[in-house]
Amino acid sequence: MIKSIHIYDFDDTLMNTPRPEVGVPAWEKITGQKFPQGQYWELPESLDARLDITLNFDVVAAAEQSTSDPNVLSVLMTGRREHLRQAIMNLLEMHDLLLFDNYYLASGDTLTYKQNKIRELFDKHPRVNEIVIWDDRDEHWLPFEQLSYEL
């Protein structure tokens, strides 16, 4: 029986991915090519395994603990878009982190997507009495807290 939902963000939470100012020149140096045009966070090149993408070991430890608890629904929920699923899954597999119950990639605005998905999960699991969120974006904390009062 699910009593708690644990939500893990991807970028700069579970994994430390390079920001554009670091990732673009690093990718260009590695490949010898010009970085493609487009929004950095929506390009698969930003998730190239050859970049310096490291684990946030404290968050990984928490995720491993979450996923080992049968009363916890553990999910990865990221603002990255669906077309990047395979690149994210490849990175997770490379680090033996294919351990979550579900993987959600955003469509549209990240905060709105996450709030709607949290409502959906809460409705689907009515016995949940706790939602725990690991997310690096400070500007999301107040809206998440306000959402908790709504649920």
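The legends below describe close-up views of a predicted model.

Local features are reported at pLDDT of at least 70 and side-chain atom pairs at pLDDT 80 or more, while totals for chains, interfaces and linings use all residues. Residues are numbered from 1 along each chain as its sequence is written, and side-chain values use heavy atoms, with hydrogens and water left out.

View 1. Strand E1 covers residues 4–8; helices (H or I, at least four residues) and strands (E, at least two) are DSSP runs, numbered from the N terminus. In E1, 5 of 5 residues are buried, where buried means under 20% relative accessible area, exposed over 50% and partly exposed in between, with a 1.4 Å probe and protein chains only. In a regular strand the side chains alternate between the two faces of the sheet. Ser4, His6 and Tyr8 lie on one side of E1 and Ile5 and Ile7 on the other, and both faces are covered. E1 pairs with E4 in the parallel sense over 5 bridges, and 5 bridges also join E1 in parallel to strand E6 (residues 130–134); two strands pair if DSSP finds at least two bridges between them. Histidine 6 has serine 74 as its bridge partner in E4 and valine 132 in E6.

**View 2. Serine 74 in strand E4.** Serine 74 belongs to strand E4 and has a relative accessible area of 0%, so it is buried. Leaving out residues up to four places away in sequence, serine 74 touches His6, Ser66, Thr67, Leu99, Phe100, Asp101 and Asn102; contact means heavy atoms within 4.5 Å.

**View 3. The crossover from E4 to E5.** Strand E4 (residues 72–81) and E5 are parallel and share 5 bridges. Methionine 77 is paired with tyrosine 104 of E5. The β-α-β crossover that leads from E4 through H3 to E5 is right-handed: with the strands pointing away from the viewer, the path from the first strand over the helix to the second runs clockwise. In E5, 4 of 5 residues are buried.

**View 4. The largest nonpolar core around methionine 15.** This core has 28 residues, and those with the most contacts inside it are Phe10, Leu14, Met15, Leu76, Leu92, Leu97 and Phe100. A nonpolar core is a set of buried Ala, Val, Leu, Ile, Met, Phe, Trp, Tyr and Cys residues joined through side-chain atoms within 4.5 Å. Helix H2 (57–67), helix H3 (85–94) and strand E5 (102–106) each give two or more residues to this core, with H3 giving the most, 5 residues. Beyond four places in sequence, methionine 15 touches residues including Phe10, Ile53, Leu55, Leu91, Leu92, His95 and Leu97.

**View 5. Glycine 23 in helix H1.** Glycine 23 sits in helix H1 (residues 20–31). Its relative accessible area is 0%, so glycine 23 is buried. Apart from neighbours within four places in sequence, glycine 23 is in contact with Pro18, Tyr40 and Leu51. The C-alpha atoms of glycine 23 and glycine 108 are separated by 23 Å.
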